[in-house]
Amino acid sequence: MKKIFVALFLLLPVFAESAEYTNVLLEKSNITFVSRQMSVPVEGVFKKFSAKVRINPAKPEAGMAQIEIDLASIDAGSSEANDEVKGKSWFSVTEFPKASFVSSSVKSLGEGKFEAAGKLTIKGKALDVHAPFALKEDKGLLNVDGLFAINRLDYGIGSGLWGDTSVVANEVQIKFHLLLK
Amino acid sequence: MTGVMAYTRTAVILHWLMALLVFVTFPVGLVMHEMALSPDKLRMLSYHKWLGVTVFVLVMVRLVWRAMHKPAPLDVSMPRWQHMAAEGVHVLLYVLLFAIPLSGWLMSSAKGFQTVYLGVLPLPDLLAKNKMLGDALSELHEALNVTMLVLVGMHIAASLKHQFIDHDGTLARMLPFMNRSSSK
């Protein structure tokens, strides 16, 4: 009997290491962004998104992620801005209600940092992005935190008059925090 | 005229610089408030905030300067209530020149838009983002501005009355070149 327990204890770390996290706790996850308006950083958030993620912290390279953002759920910092960015020259949400990210590969950057490569599709335009992220396991949960930048004009976000990058900067930082079980 | 300057040259320059700033910042604020969201509106919002920060700094410079260089008392014969009214309006204008930019700064913080002076110097956010507080401060900013508009109107009207009805040289205290031409 005792021997079996010892054997089980020895196996535990093996199980723990090979745990794959697949369930994204959406209420505790968030996707935010920071744009610069007249050099002023303004934070925004996408309140609604879905995420299919599979990742094993022992082997992140085999991980995959598929994230879909409901663009109408955007909060760009003020009600005036929210109305504006749903319109044609920004996200045109009636025509393109969703943005998506689909990972193609994950590589290690060393020191517990990784990078997901994949396609980010906004307004029907699919472009390659590289999103560095870090993993942290805590009480049976996995924190995935990352930050990357895109150029909004590459996707035609904020065209026409708003194309003036001296008012709204081209670069937009996107931050994601996913909590997985 | 006595020929003695009531206000130092620095005080006179600060007064007119402040007047110029107020006469630009106020209409920029009015116009941008009515504009629909556009790049031009964001530009004007920033200019308005930069001007406001300048007023805020300048009023403190003025108050320090004034504390160190007391102006000569107004030496004209007029009823006591007029002296008190003039004093009162001056004090209130100083208070507003301080309180209006401050309320704007607080409002910006509460609305979640930081103030970055001249697009270079970020000012600390004095409040956390809070929509209700932001809207309340917006009302306060507007009410203070309406008050200032009335007081500036009284300030100008009184100076014109002194100049064109009383002919007592009060306006020349702030316009030294008038002093020179009227004292020859």
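Mentor: Two residues are taken to be in contact when their C-beta atoms, placed from the backbone, lie within 7 Å. Please keep in mind throughout that this is a predicted model.

Trainee: At what angle do α2(B) and α3(B) pack, and how far apart are their axes?

Mentor: In general, a pair of packed helices is described by the angle between the axes and by the distance separating them. Here, α2(B) and α3(B), the latter covering residues 80–110, pack at about 145° with axes 9 Å apart. The crossing of these two helices is left-handed.

Trainee: Which elements make up chain B as a whole, and in what order do they run?

Mentor: Chain B contains five helices and two strands, and from the N terminus the order is α-α-α-β-β-α-α. The C-alpha trace of chain B spans about 55 × 30 × 30 Å along its principal axes. Of its 184 residues, 18% count as buried. Among contacts in chain B between residues at least 6 apart in sequence, 67% join residues at least 24 apart.

Trainee: How many residues of chain B are in contact with chain A?

Mentor: There are 12 residues on chain B, and they are in contact with 15 residues of chain A. Helix α2 of chain B, residues 39–68, provides the largest share of the chain B side, namely four residues. That side has five nonpolar, five polar and two charged residues.

Trainee: Turning to chain A, in what order do the strands of its sheet lie?

Mentor: As a general idea, the strands of a sheet pair through backbone hydrogen bonds, in either a parallel or an antiparallel sense. In chain A, 10 strands form an open sheet with antiparallel pairing, in the order β3-β4-β6-β7-β8-β9-β10-β1-β2-β5. Strands β3 (49–54) and β5 (74–75) of chain A each have a single partner strand, so one side of each lacks a neighbour in the sheet.

Trainee: How many bridges join β7 to β8 of chain A?

Mentor: Strand β7 (residues 113–122) and strand β8 (residues 125–138) of chain A are joined by 10 bridges, and G118(A) stands opposite V129(A). The two strands form a hairpin with two residues between them, where K123(A) has a positive phi of about 55°. Strand β8(A) also pairs with β9 (residues 141–151) of chain A over six bridges, with E137(A) opposite L142(A). This second hairpin likewise has two residues between its strands, and K139(A) takes a positive phi near 50°. Elsewhere in the sheet, five bridges join β1(A) to β10(A); the partner of N30(A) is H177(A).

Trainee: Which residues touch the most other members of the largest nonpolar core?

Mentor: Among its 36 residues, these are A51(A), V53(A), I69(A), L178(A) and L180(A). Strand β10(A) gives the most to this core, with five residues. Leaving aside residues up to four places away in sequence, I69(A) touches I31(A), F46(A), F49(A), K98(A) and A99(A). Another core, of seven residues, lies apart from the largest one and includes V22(B), V59(B), L96(B) and L97(B).

Notes: Residues numbered from 1 in each chain as written. Chains lettered and ligands numbered in written order. Predicted model: local features only at pLDDT ≥ 70, side-chain atom pairs only at ≥ 80, totals over all residues. Nonpolar A, V, L, I, M, F, W, Y, C, P; charged D, E, K, R; others polar. Pairing = 2+ DSSP bridges. Buried ≥ 20, exposed ≤ 12 C-beta atoms within 10 Å, placed from the backbone. Axes fitted to C-alpha atoms, helices over the stretch in contact; angles between N-to-C directions. Left-handed = near helix turned anticlockwise from the far one by under 90°. Core = buried A, V, L, I, M, F, W, Y, C linked by C-beta atoms within 7 Å.
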